[in-house]
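Grab a pencil and keep the viewer open. Here are a few packing exercises, each with a worked solution.

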Amino acid sequence: MTLEKTNKLLTVQALMGGGYNRNGANLILNEVQREHSQQAVDPLISTLELKRLFGFTAETEFRN
């Protein structure tokens, strides 16, 4: 998955909020982490304010 597509998908999850969307964001970040490394995940968390919305923090390891 490209980082551009990831950004679009995570934006939708963030806009909708809620528990199911948190799980969806977790799965997306897991895939980004696997394909692109943690260094690609941390800016997404910061840029999309995923800490405020879902409690995700930088350097979190996402797993299925």
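**Exercise 1.** How many residues does the largest nonpolar core have, and which have the most contacts inside it?

*Solution.* First, a note on the model: it is predicted, so local features need pLDDT of at least 70 and side-chain atom pairs count only at pLDDT 80 or more, while totals for chains, interfaces and linings use all residues. Residues are numbered from 1 along each chain as its sequence is written, and side-chain values use heavy atoms, leaving out hydrogens and water.

Next, the core: a set of buried (under 20% relative accessible area, 1.4 Å probe, protein chains only) Ala, Val, Leu, Ile, Met, Phe, Trp, Tyr and Cys residues joined through side-chain atoms within 4.5 Å. The largest one has 15 residues, and Leu10, Leu29, Val41, Ile45, Leu50, Phe56 and Phe62 have the most contacts inside it.

**Exercise 2.** Find what Leucine 50 touches, skipping residues up to four places away in sequence.

*Solution.* Look for contacts, meaning heavy atoms within 4.5 Å.

**Exercise 3.** Work out how helix 1 and helix 2 pack.

*Solution.* Start with the axes, which are lines fitted to C-alpha atoms over the stretch in contact, with angles from 0 to 180 degrees between N-to-C directions. The angle is about 160°, and the axes sit 9 Å apart. That makes helix 1 roughly antiparallel (over 145 degrees) to helix 2. Finally, sort them by class: nine nonpolar, five polar and no charged.

Methods:
Buried < 20%, exposed > 50% of the residue type's maximum accessible area, 1.4 Å probe, protein only. Helix = DSSP H or I, 4+ residues; strand = E, 2+ residues; numbered from the N terminus. Parallel < 35°, antiparallel > 145°, perpendicular 65-115°, else oblique. Nonpolar A, V, L, I, M, F, W, Y, C, P; charged D, E, K, R; others polar.
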